[in-house]
Amino acid sequence: KLDFLDKLLINNGFIIKNIEISGINRLNKDDIIKEKESAFNTNKYHIKEKIEEIESLEGDSKLLADDLIGEEQNKEKRSKLKDISVTLNDKFDRNRKMIFFLKDNDDCPTCKQHIDEIFKSETIKEKNEQQKELSKGLTKLHEQLERLDTYVDTHRAARKFIRENDIEIAKLKSSVTELEKFNSKLQQEINILTSGTVSEDDTKKLDRNKRDEIKIERQKSDL
């Protein structure tokens, strides 16, 4: 059996608890508002971060896209240079064979006629001069082709980078959209709570507190 002091302490506990419960709706609502406002601000910060990242990626893609303006011209030029290279190499090989032929033969193997020495000497000299010019031309041509190959490879890498950027931008935009939707819902709930109306989820929380109050009242009646 409880003595007077025990009952006094219990009653004081009930008084304190009742005071807590009487203001619990207001206190819980304030806490819920703070919680939702915190979530709202956190989402807002992440939205800002993602938008900045989107703008950065879009800026990078624009710079790369500007560099791609001459891509088709470079491809076309490289194709033409390759055709010219084939022609020059073919002429170079034919001249080389002619020089070897004239150096190795005094008579024509086919018609058996003698090859004039003056003709042979002048022809060899002419072909050697042509070879020098062809060699210089082929060297310059190969240098141009190497530069164009580098441009084409750079363009290919840029296009790949832009595609990857586009995918990442799409993901970020989707994330921003979802966060904005969630923040819109949070703002509505905050407005309702501020105006004094509690949402269904918040009502359930308050109901649990009400059940605690009923339990205390029952215990108090047993004293």
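The axes of helix α3 (residues 71–104) and helix α4 come within 8 Å and cross at roughly 155 degrees. That makes α3 and α4 roughly antiparallel, because angles over 145 degrees count that way. This is a predicted model, where local features need pLDDT of at least 70, side-chain atom pairs count only at pLDDT 80 or more, and totals for chains, interfaces and linings use all residues. Residues are numbered from 1 along each chain as its sequence is written, and side-chain values use heavy atoms, leaving out hydrogens and water.

**Where α3 meets α4**
- Residues of the contact of α3 with α4 split into 15 nonpolar, 12 polar and 12 charged.

**A look at α4**
- Helix α4 (a DSSP run of H or I, at least four residues) covers residues 117–194, which is 78 residues.
- From first C-alpha to last, α4 reaches 112 Å, close to the 116 Å expected at 1.5 Å a residue.
- At the start of α4, a side-chain oxygen of Asp116 comes to within 3.0 Å of the backbone nitrogen of Ile118.

**Salt bridges**
- There are 12 salt bridges in the structure, each a side-chain nitrogen of Lys or Arg within 4 Å of a carboxyl oxygen of Asp or Glu.
- One of them joins Lys173 and Glu58 at 3.6 Å, N to O.
- Lys173 sits in α4 and Glu58 in helix α2 (residues 24–67), so this pair ties together parts 115 residues apart in sequence.

Note on methods:
Helices (H or I, at least four residues) and strands (E, at least two) are DSSP runs, numbered from the N terminus. The expected span of a helix is 1.5 Å times one less than its number of residues. A polar contact is a pair of N or O atoms within 3.5 Å; within protein, one must be able to donate a hydrogen and the other to accept it, and residues adjacent in sequence count only if both atoms are side-chain atoms. Axes are lines fitted to C-alpha atoms, for helices over the stretch in contact, and angles run from 0 to 180 degrees between N-to-C directions. Angles under 35 degrees count as roughly parallel, over 145 as roughly antiparallel, 65 to 115 as roughly perpendicular and the rest as oblique. Ala, Val, Leu, Ile, Met, Phe, Trp, Tyr, Cys and Pro count as nonpolar, Asp, Glu, Lys and Arg as charged, and the others, Gly among them, as polar.
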